[in-house]
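Work through the exercises below with the structure open beside you. Each task is followed by a solution in steps.

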Amino acid sequence: MSDQTVILGMGFKSDAPLSALENAARTVCDTTGLVPDVIATLASKVGHPPFIALAAKLNARIIALDPDDIRGVPTPTVSQRIQALFGTGSVAEAVAIAAIPGATLQESRKVSTDNATTATATAALALAPRKTDK
């Protein structure tokens, strides 16, 4: 077992299909070679059936965050729309960072490429120290 927890942060539109979530997640995971232990998103999105399906496929524990949990979290990429709505530049990056105390971003957001006209999902990866019982 690694001494790091791999966190997959996801941001997505409410109508995002499973293919979009899988595409964004696969892109960021393939880039890093990391497999997520947990998958994080906003609490308002954790009930989205494609998100639940992705978590099950990855065998990853779900972490839900409130908008206040990510407000002010600095991110390397910035969407002006997301900044205005949530007070952070990227939901995917911010939830990855905020999901577990001490997490650091390893891979900035990757955008789903399943839709040629608009991005419906983004994913980012962070690492956090794994808690150990002593």
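The exercises concern a predicted model and cover its sheet, its helices and its salt bridges.

**Exercise 1.** Determine the order of the strands in the sheet and find which strands lie at its edges.

Solution. 
- Step 1. The open sheet has five strands, and reading across it gives S3-S2-S1-S5-S4, with mixed pairing.
- Step 2. Strand S3 (61-65) and strand S4 (104-111) each pair on one side only, so they are the edge strands.
- Step 3. From one strand to the next, the twist averages 25 degrees.
- Step 4. Inside the sheet, strand S1 (residues 4-12) pairs with S5 in the antiparallel sense, over nine bridges.

**Exercise 2.** Locate the salt bridge of Glu 22 and classify both partners as buried or exposed.

Solution. 
- Step 1. The whole structure holds four salt bridges. In one of them, Glu 22 pairs with Lys 57, with the closest N and O atoms 2.5 Å apart.
- Step 2. Glu 22 is in helix H1 (residues 18-32) and Lys 57 in helix H2 (residues 49-58); the two residues are 35 residues apart, and the pair links distant parts of the chain.
- Step 3. The relative accessible area of Glu 22 is 19%, and buried means under 20%, so Glu 22 is buried.
- Step 4. Lys 57 has 57%, and exposed means over 50%, so Lys 57 is exposed.

**Exercise 3.** Asp 37 and Arg 130 meet in a salt bridge; state which parts of the chain this pair ties together.

Solution. 
- Step 1. The N to O distance is 3.2 Å.
- Step 2. Asp 37 is in the loop between H1 and strand S2 (38-42), while Arg 130 is in the segment after strand S5 (121-129), so the pair ties together parts 93 residues apart in sequence.
- Step 3. Asp 37 is partly exposed at 27% relative accessibility, and Arg 130 is partly exposed at 23%.

**Exercise 4.** Count the buried residues of helix H5 (residues 91-98) and find the residue that caps its N-terminal end.

Solution. 
- Step 1. Six of the eight residues of H5 are buried, which leaves the helix mostly covered.
- Step 2. The buried residues are Val 91, Ala 92, Glu 93, Ala 94, Val 95 and Ala 96.
- Step 3. The cap is Ser 90: a side-chain oxygen of Ser 90 lies 3.5 Å from the backbone nitrogen of Ala 92.

Key:
Residues are numbered from 1 along each chain as its sequence is written. This is a predicted model: local features need pLDDT of at least 70, side-chain atom pairs count only at pLDDT 80 or more; totals for chains, interfaces and linings use all residues. Side-chain values use heavy atoms; hydrogens and water are left out. A salt bridge is a side-chain nitrogen of Lys or Arg within 4 Å of a carboxyl oxygen of Asp or Glu. Helices (H or I, at least four residues) and strands (E, at least two) are DSSP runs, numbered from the N terminus. Buried means under 20% relative accessible area, exposed over 50%, partly exposed in between (1.4 Å probe, protein chains only). A polar contact is a pair of N or O atoms within 3.5 Å; within protein, one must be able to donate a hydrogen and the other to accept it, and residues adjacent in sequence count only if both atoms are side-chain atoms. Two strands pair if DSSP finds at least two bridges between them. Axes are lines fitted to C-alpha atoms, for helices over the stretch in contact, and angles run from 0 to 180 degrees between N-to-C directions.
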